[in-house]
Amino acid sequence: MDFLNAIVALSNYVLIPGIAYGSQLALGALGVTLVYGILRFSNFAHGDTMAFGAMITVLVTWWLQSLGVSLGPLPTALLALPFGILGCVLLLLATDRVVYRFYREKKAKPVILVIVSMGVMFIMNGIVRLIIGPDDQRFLDGERFLISARDFKEMTGLAEGLAIKSTQVITLITAIIVVALLFWFLNRTRAGKSMRAYSDNEDLALLSGVNPERVVMLTWVIVAALATVAGVLYGLDKSFKPFTYFQLLLPIFASAIVGGLGNPLGAIAGGFVIAFSEVTITYAWKKVLGYLMPDSLAPDGLVQLLSTDYKFAVSFVILLIVLLFKPTGLFKGQSV
Amino acid sequence: MSVNVKNIGLFALVGVLILLTGFLQSWNSALLILNMGLISAIMALGVNLQWGFAGLFNIGVMGFVALGGLATVLVAMPPTTEAWAQGGVRVLLALVLGAATIIAAVLVYRAMKKGWQRSVAMIVILVAGFFIYRAVLDPGVARIEAVDPAATGYLGGLGLPVILAWPVGGVLAAGAAWVIGRTALGLRSDYLAIATLGIAEIIIAVLKNEDWLSRGVKNVIGIPRPVPFEIDLQNDPGFVDRAAGLGLDPVIASTLYVKLLYGVLFLIVLLVLLWMAQKALASPWGRMLRAIRDNEVAAEAMGKDVKKRHLQVFILGSAICGIAGAMMTTLDGQLTPSSYQPLRFTFLIWVMVIVGGSGNNFGAVLGGFLIWFLWVQVEPMGRLLMDLITSGMADGYWLKTHLLESAAHMRLLTMGLVLLLVLRFSPRGLIPEK
């Protein structure tokens with residue numbers, strides 16, 4: 001019984017939150033890695049792109065809610081998601097047209113593009129704050145729990161409760177659908193193949209008649225969709241606050257680099273590696289160990305390796321370890 | 001128009017802008033802008049050393065600035081004797097043990113041959129060392145933080161004059177830069193960027209959470225000052241007389257006098273650092289750095305030690321940021337870890353360097369003043385603009401309230417716009433590298 005309790009506690013506080021957070025990071029890291037693979041620079045504006053897409057979704061959600069539209073047990077935000085994606089696509093395409101294209105045609109050094117993306121980051125951050133303000137916004141409705149801790153206890157008779165938030169399930173399902181679509185697109189369609197060819201070897205792809213502007217446009221569209229989905233899922237699961245999206249930049253980049261920059265599969269793996277390390281290292285293990293160990297050995301303290309405020313440190317240390325010992329990441333990424 | 005005339009004109013323009021602030025708004029805010037402008041110029045000088053001279057992409061400026069702030073607390077605050085008695089030695093011992101663990105792991109890594117044995121040995125050392133470190137540290141920390149938590153609850157500093165904290169801030173930042181540089185400088189530019197971004201977040205997290213060191217989010221207030229207090233000046237009959245002689249109210253005169261004193265101190269530091277940076281730029285060492293920046297492979301083929309030069313300039317630039325951070329905390333008179341925001345302390349400094357002209361020290365200084373001026377003044381200008389836009393709308397209309405409220409966020413937008421415009425139309429900045 002204690003063993004089962006330990007497993008339930010572990011799933012409740014580590015596994016399920018880790019999976020949800022990992023999916024969100026993976027979606028974010030996919031966006032970063034695609035920009036890196038095709039446009040060949042680290043996009044520092046990605047966190048704020050996520051915030052922008054999520055913001056449009058939040059606004060449309062409020063509008064739908066005011067009209068009385070709802071999805072029943074599901075959050076209305078899912079209905080608003082396509083609008084958010086559309087808004088984000090328009091923004092990114094406009095940004096590319098006005099800002100990035102100039103440097104692409106000049107064949108500017110990647111580090112210049114990184115600095116340019118810093119400027120874009122400022123502007124997007126400013127736009128989001130101008131429109132929706134810097135505060136926390138709630139836009140979640142519908143059923144909060146798939147299984148609440150109390151129901152679970154009554155059902156199983158265990159002392160530990162297992163709560164599964166509906167947003168966690170939605171996160172996982174959406175992430176699986178999005179990733180499946182992305183890989184189908186990249187591996188099976190002509191446009192996707194041309195994107196991969198362009199990423200692998202730009203000159204050869206150009207010789208084979210790949211239209212570079214089209215590839216770049218497609219990339220921005222996909223990146224906008226990924227960023228919006230990631231941003232909305234994160235906002236549903238935690239809450240929407242513009243500054244937290246900026247802070248997500250570090251774990252997202254860590255995920256993309258740990259997996260190997262430019263490698264989509266690596267980005268997903270990296271997302272889960274980072275998410276699980278963060279959650280396990282900042283989780284207080286007292287409860288789980290208390291069930292597993294005999295009473296005499298049960299720990300006194302919280303058995304928390306690091307306080308939750310150090311979660312950035314975790315992604316950072318993992319990043320450093322991977323960079324020092326395997327500079328191209330766990331899966332082979334590019335090193336331009 | 002010769003280059004020099006243009007440059008002097010640009011500096012004069014900034015001077016006129018600050019003077020205008022004095023005439024139109026108040027001399028108090030003009031001096032505030034001037035003082036923070038001086039500090040910003042020093043930070044920009046540090047970043048310019050790294051980016052302009054050597055092409056190193058450091059976006060962890062905030063971390064080094066915060067370390068400088070920590071230095072003022074560690075140097076200038078009076079020591080909390082009670083806390084030292086309770087757990088000071090224990091905490092120091094824990095820190096030594098922690099450092100010993102890392103050194104041991106590095107030694108094992110160097111001594112053993114590649115293979116799973118080495119990995120296991122390193123992991124065992126690190127994990128065991130971590131638990132020993134925590135076991136020694138935690139009780140000490142708990143006892144220190146229990147000492148009068150409302151007023152102290154931390155170890156305090158050394159009680160030395162606060163000016164000493166400025167070089168110490170530089171040394172602290174240099175130490176951190178050495179650790180980061182040793183690990184991350186060999187990597188590609190984007191990786192270095194992410195690594196520095198991460199280290200800055202970690203430094204801020206340490207300042208926020210290690211209450212025994214910096215009181216965390218409870219802030220350290222009342223840091224000693226290198227200049228007299230306004231209230232003492234107001235009670236000093238000699239000062240009041242002199243102020244009256246100038247036809248000034250003693251309260252206003254005292255605030256202006258204190259700010260001017262700060263300004264003079266900061267100006268001295270800026271001029272010394274600027275002189276040193278100019279000397280370095282013109283020296284063989286500076287030429288070598290630029291050669292490495294422009295063509296790393298060729299420089300290496302000529303026998304230049306690229307890694308070592310990069311490490312040197314990274315440490316020097318970070319130290320300058322640390323000095324500026326210590327000066328800023330001295331000016332504020334308090335350390336508030338939650339006030340360190342990357343947009344304000346890292347990316348804004350980058351805007352200063354790029355707009356001013358990377359690779360040119362005078363450009364960086366100019367950018368520091370100009371962008372700081374904009375950063376401060378965009379908010380009232382944004383409010384004016386919003387007032388103008390919304391003047392036709394009825395009071396209480398939601399759009400009007402919203403627009404007026406959000407005027408404060410115009411800053412980020414403007415900074416981004418300035419950065420993009422300069423990068424696009426004048427990529428070498430206002431005062432380009434020669």
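Into which domains is chain B divided? I looked this up before anything else, keeping in mind that the model is predicted. Domain 1 of chain B takes in 35-78 + 161-367, and domain 2 covers 80-155.

**Domains of chain B.** I took the distance between the C-alpha centres of domain 1 and domain 2 of chain B, and they lie 29 Å apart. I then listed the contact: domain 1 of chain B gives five residues and domain 2 of chain B gives seven residues.

**Helices α1(B) and α2(B).** I turned to α1 (residues 3-24) and α2 (residues 27-53) of chain B. Their axes come within 6 Å and cross at roughly 155°. From α1(B), the contact uses Ile18(B), Thr21(B) and Gly22(B). From α2(B), I noted Trp27(B), Ser29(B), Ala30(B), Ile33(B) and Leu34(B). By class, the residues of this contact are five nonpolar and three polar, with no charged residue.

**Val5(B).** I placed Val5(B) in helix α1 of chain B. Is Val5(B) buried or exposed? I counted 9 C-beta neighbours inside 10 Å, so Val5(B) goes down as exposed; the cut-off for exposed is 12 or fewer. I also checked Val5(B) against Ile323(B), which is 318 residues away along the chain, and their C-alpha atoms are separated by 31 Å.

Terms used
Residues numbered from 1 in each chain as written. Chains lettered and ligands numbered in written order. Predicted model: local features only at pLDDT ≥ 70, side-chain atom pairs only at ≥ 80, totals over all residues. Domains from an automatic or database assignment. Contact = placed C-beta atoms within 7 Å. Helix = DSSP H or I, 4+ residues; strand = E, 2+ residues; numbered from the N terminus. Buried ≥ 20, exposed ≤ 12 C-beta atoms within 10 Å, placed from the backbone. Axes fitted to C-alpha atoms, helices over the stretch in contact; angles between N-to-C directions. Nonpolar A, V, L, I, M, F, W, Y, C, P; charged D, E, K, R; others polar.
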